Amino acid sequence: MDTHSITQILKQIFKYRKRRSLYLAAFLIISFVTVGSFSSNYLVSVPVQSGSFSEGLVGYPRFVNPVLAQSQTDRDMTQLLFSGLLSRKVTGGYKNSLASNYTTNDEFTEHKVTLDTNSKFHDGSPVTVEDILFTYSLIQDPLIKSPYFARLNNVNISQEGENTIVFTTETSNENFAENLTIGILSQDEWSNISREEFPFAEKNISPIGTGPYFIDSVSRDREQRISSYVLSAYRDNKIEPFIEAIEIKFFPDQQSALSAFESGLIDNMANISAQELLLLDKTLDQKNILTSPLSRVFSLFFNEKTNPIFEDRDVRTAINNAIDPSDIIGRIFFSRAQVANGPLPKISDYYTAESRDEITAAEINKQLDDAGWTLQENNIRSKDEVELSFTIHTPDVAELVKTSELIKEQLSAINVAVEIIAVDENEIINSVIRRRDFETLLFGQIINDPQQLHAFWHSSGIEDPGVNIAGYNNKTVDAILERLISDSSDTSKVQQDYKNLQQEITDDIPAVFMFSPDFIYAIDKSIQNTAFDDLEFATDRFRYIENWYIDTELLLPYFIN
């Protein structure tokens, strides 16, 4: 074959290959477009188990124990590490967690819970009925001083059959299920520790729980305080979180946490004040700001036993009229709070407290003059050689200290002297509130159900470990509270009882009811499905953490679930 013939054959081959390449390219383009169209029309984006984030908490862990936890830090950690027999549903109501079944009788006096025998602690040991009985026996022991003592003190708890626990209440209680969300401790882990040693045990900061996360590693600072926990997802129980790991970093104060947040050392931060939010403006580009009104009413509580001036109704009335919550909300909270004119938060369905009448300082001064509280040379009022002065104990939290200072300023207009005592947030419950060692106390009460109202305002809770910190005693209010707990079947009667309750308490002025602040949470934008409704505690942001996710993948609907 000559050279010309070979050349012609090669040209034909190249021409064929070129056409084939064009066909292949066209096929690939069409396939890409088709798959893209298929993906958008037929595939579904679903969360996957991956990702991590970090969050900063103010204060160091001390009681990471559901029986003892009271500080914000301890509550946050117990929410992540422990679970109860029941847990709340996003849509409202309750669902099984460590339980397999929950029933009540028609009178709501008997509450039966059957344990899910597949439930496990983080060390792999099974959760038993003995663990549940042990946990609730600790709560009912006055030596332990659990914050849940008042709610469960008079509840009889017994075992029925192999895996059922029966909670029997003296009166009807339709809201009892909330008591079954308390985290469960392992009896094997704690049985060798005496009740006296219980609050001091090392296990309080290295717990084994049943919750959505377990402690994977612990870091300590030079002073041997825990500086961080790394938590990993635990998926052997019903709750199976998507996010694989969480690093919780602890800081001694709010400013240290804010600095870490600004520098990017932590992704998320809760309990940011309205003023801090304004200052953090440049840091928030990659954050979502979630806010929610809290079911918490901050009030200035009077203690007649430590300062007799508060026995005088004219004094309580004058102080109540002189304090301006709207001024506090505007100047301290930059309008990110709501006025509270009574013991219920404004977001409550039963809130009926009426707005206060505006009274000038001149009018209040005249009322005090008429009541015999006359102005002395030192510019302070007195009566029968008793000065009109008192101290305010407040948690050492910036917004609350500033609130106390503004109250002091407002009361100076009616010549009342005030001294402010700021106490460490983690110490104020034990060192001040339990001992009732205050003249007035600026503090917030969580009010979300009749049980909480009963605990705070029924006369049976006047003495520690009760939490009627105002020492309030009103037989009419006691009767209303008992009805609200025992019978909620008649909606109109319940509504009237709540109205009468608020009227009775506000008329007696055992405290100056002031405001309910908004909860502000800055969270990284990569974290999805974090929406939450009205919160009781800031801790409740973690209530549905198993639904949070960071990464997704595309799947055919057939392969989902």
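Contact here means heavy atoms within 4.5 Å. Welcome to a short tour of a predicted model, in which local features need pLDDT of at least 70, side-chain atom pairs count only at pLDDT 80 or more, and totals for chains, interfaces and linings use all residues. Residues are numbered from 1 along each chain as its sequence is written, and side-chain values use heavy atoms, with hydrogens and water left out.

**Aspartate 478**
- Helix α14 (residues 475-486) holds aspartate 478; helices are DSSP runs of H or I with at least four residues, strands are runs of E with at least two, and both are numbered from the N terminus.
- Aspartate 478 is buried, meaning under 20% relative accessible area with a 1.4 Å probe and protein chains only.
- Even so, aspartate 478 has no salt bridge (a side-chain nitrogen of Lys or Arg within 4 Å of a carboxyl oxygen of Asp or Glu).
- Lysine 475, the nearest side chain of opposite charge, is 4.2 Å away; Lys and Arg count as positive, Asp and Glu as negative, and His and the chain ends are not counted.
- Leaving aside neighbours within four places in sequence, aspartate 478 is in contact with Trp457, His458, Ser459 and Asn473.

**Helix α2**
- Eight of the ten residues of α2 (residues 72-81) are buried, leaving the helix mostly covered.

Methods
Buried means under 20% relative accessible area, exposed over 50%, partly exposed in between (1.4 Å probe, protein chains only).
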